[in-house]
Amino acid sequence: MTGRRRPRGAVRPALAAAAAAVVLGTAGPALAAPSDQPGGTSGVLDSRALDRLQERATEVQDGLREQQREVAAAQEAQAAAEREVAAAEAVLTDAAGELAGFQAEVAGYAAAVYRDGGALTPLTVLLSSGDPGEVLSAMGFLDVVDRHAARLIGAAEEQRQAALARRRTAEAALQEARARADEVAARIAELEAAAGAVTDELDDALGAVDAQLAQLQREQVEVNERTAANWRGYLDQLTAAGITAPPAAALQDPAGGLPDRLVPVAATGGGAQRGAAQLPGQPSSLLVLPAETLGAVSAAMEALGRPYAPGTAGPDSWACGSLVQSVYGRTGISLPGDQAGLFAVTAPVAPADVLPGDLVFLGTAESGLGHVGIALDPRTMLAADARAGAVVVRTLPADQVLGIGRPTLPRRAPVDAPGPAGGALRVECGNTVYPPSYDGARQWGGYPNGLIPPSAMCGLGVGGHQLRCDAAAAYRALSAAYAGAFGGPLCITDSYRTYAGQVTLYGQKPALAAVPGTSNHGWGLAVDLCGGVERFGTPQYAWMVANAGRFGFLHPAWADPGNGREEPWHWEYAGT
């Protein structure tokens, strides 16, 4: 096409002729119907067998949780009894020592008298003294000495007897506490056996769910591929029609004239849409988007299937905001790299006028703004999706659309993005963001703790370690950054922990390990690290504190020094 613009007087007849061809009626890119995103609330997870087995697992968890409290109480009672026995032993030792001391003094006195010529008795005093007054005085002194010695030795003996009684009482209490602990341990063993039995059944059901999820993921890949192919077909239609995509500036003012052969796209509120045009034709018109939009969407198609990871901006992984920023940046349109920043400055359009390349902002009244993607049509969007753990084509939930923005239009004056209300947690790229102090359940995708299908997980590239796919991509990026600082990747000892693994660990450490089905590791969002990170105050730990947050990992407040459960090695993915 030429660069000539349609004269102003031709706008109204052309607009009238295309009045019925609003964006929903224009011939745009035909897209494949997206399947439910992996990790989302798909019907594939509504397995009644899995639900029933999970109910049984929950019953076992409740029993173990109650028994765990009894284990802790029994262990504390036993420890207290042992402390009391030790204290009684110490008192008895002191009492015996005091008695022995007094006895030694009396023995020494007797020995001294013997060395001086024999035992000093009232008779020897009488025979050896010539003065009756002296005899009486000496005899009174002897009485005092005898009474004093008797009192000292008697008191010491009473203390020793009391100490002996205290030790007997303490030892009896210790025996009782040990018997209680043995009783609780026996009940724990029974519940562990029940948990093991449930585990076997759960594994069978989980295998069926995993197969269904794997199929769902294959369908997602097919949707991505068909969508990319249909987009290329749309570009071919433009080429076949002789259309060279105009720059965004040429489509800013439909009333002021459009490039040759193009007519405006009607807006649902009346008038024409800014930033787009169409080529009239039969049986339908051909949508013409700015060159910048075509370039950005084409670049986004190239990212399909790449992992989602916070803190990254391609080419191996993306966050939702960084993907939008990057693909439009390639075309010369500078945008912020986060969902709130994009919402703040992107020019809004009516949701009913959404066109391919527009930005779709999702959220709820409770959580506020929670996602941004690139519209492909009124029903679908392309996004680096945290719930899917990848760049995918996904259904656009109409009830969650907070706004539509058109990046090719001039920026608006910045506005505040809707934030969480009523204490709700923030959502980023479709996934909840947890604060460091959060210690509650982090259920996702409808999966029970420790019962996440393998197909919903991704490897970390180290042994058999796995996490949820977005967490895995973030971990790999974090480990690469760590290697740049220390010359080698992160050292890891634990990651996702299955229900069966939790049962085994609980059997080994019932008072310390989490009750099966409640471990933070059972959500596929936690890792235990080594190589220096496992100790407070090391350079490796300090580096993690300073840098892990950029990749969505945090050290929970409960594991910080002084909070009762000091675990420098434990880090969790917070979804940001």
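Predicted model: local features only at pLDDT ≥ 70, side-chain atom pairs only at ≥ 80, totals over all residues.
Q: Why is the aromatic pair of Trp231 and Tyr234 called tilted?
A: The ring centres of Trp231 and Tyr234 are 5.3 Å apart, with 45° between the planes. The structure holds nine aromatic pairs.

Q: Where do Trp231 and Tyr234 lie, and how many residues apart?
A: Both lie in helix 4 (residues 132-240), three residues apart, about one turn of the helix. An α-helix has 3.6 residues a turn, so residues three or four places apart point the same way.

Q: What makes Trp231 count as buried or exposed?
A: Buried means under 20% relative accessible area. Trp231 has 2%, so Trp231 is buried. Tyr234, with 1%, is therefore buried as well.

Q: Why is the pair of Tyr475 and Phe553 given the name edge-to-face?
A: The centres of these rings are 6.2 Å apart and their planes stand at 70°. The limits are 6.5 Å for the centres and over 60 degrees for edge-to-face planes, so the Tyr475 and Phe553 pair is edge-to-face.

Q: What makes this a link between distant parts of the chain?
A: Tyr475 is in helix 8 (residues 469-486) and Phe553 is in strand 15 (residues 553-554), 78 residues apart. Ring pairs also join Tyr475, Phe553 and Tyr573 into a cluster.

Q: How do you know whether Tyr475 and Phe553 are buried or exposed?
A: The relative accessible area is 1% for Tyr475 and 2% for Phe553. Buried means under 20%, so Tyr475 is buried, and so is Phe553.

Q: Which residues have the most contacts inside the largest nonpolar core?
A: They are Tyr475, Leu529, Met544 and Phe553, in a core of 84 residues. Helix 8 gives the most to this core, with eight residues. Leaving aside neighbours within four places in sequence, Phe553 is in contact with residues including Leu467, Ala471, Leu478, Val527 and Trp571. A second, separate core has 11 residues, among them Ala375, Met381, Leu396 and Leu409.

Q: What places Arg412 over the face of Phe343?
A: Arg412 lies at 5.3 Å from the ring centre of Phe343. The distance limit for a charge over a ring is 6 Å, and Arg412 falls within that limit.

Q: Why does Asn224 count as buried?
A: The relative accessibility of Asn224 is 8%, and the cut-off for buried is under 20%, so Asn224 counts as buried. Asn224 is in helix 4. Beyond residues up to four places away in sequence, Asn224 touches Leu304, Gly305, Val391, Val392 and Val393.

Q: What makes helix 6 largely enclosed?
A: Seven of the 10 residues of helix 6 (residues 320-329) are buried, so the rest of the structure largely encloses this helix. The buried residues are Cys320, Gly321, Ser322, Leu323, Val324, Val327 and Tyr328. Their cover includes helix 5 (291-302), helix 7 (339-345) and strand 4 (359-364).

Q: How many cavities of 30 Å³ or more does a search of the whole structure find?
A: The search finds two. Of the 13 residues that line the largest cavity, Thr293, Pro356, Asp358, Arg406 and Thr408 lie nearest its centre.

Conventions: Residues numbered from 1 in each chain as written. Heavy atoms only, no water. Phe/Tyr/Trp six-rings, centres within 6.5 Å; stacked < 30°, edge-to-face > 60°. Helix = DSSP H or I, 4+ residues; strand = E, 2+ residues; numbered from the N terminus. Buried < 20%, exposed > 50% of the residue type's maximum accessible area, 1.4 Å probe, protein only. Lys NZ or Arg CZ within 6 Å of the ring centre and 35° of its normal. Core = buried A, V, L, I, M, F, W, Y, C linked by side-chain atoms within 4.5 Å. Contact = heavy atoms within 4.5 Å. 1 Å grid on protein atoms, 1.4 Å probe; cavity = no way out; pocket = protein on both sides within 12 Å on 5 of 7 lines; lining within 4 Å. Points joined across faces, edges and corners; volume = space filled by probe spheres on them.
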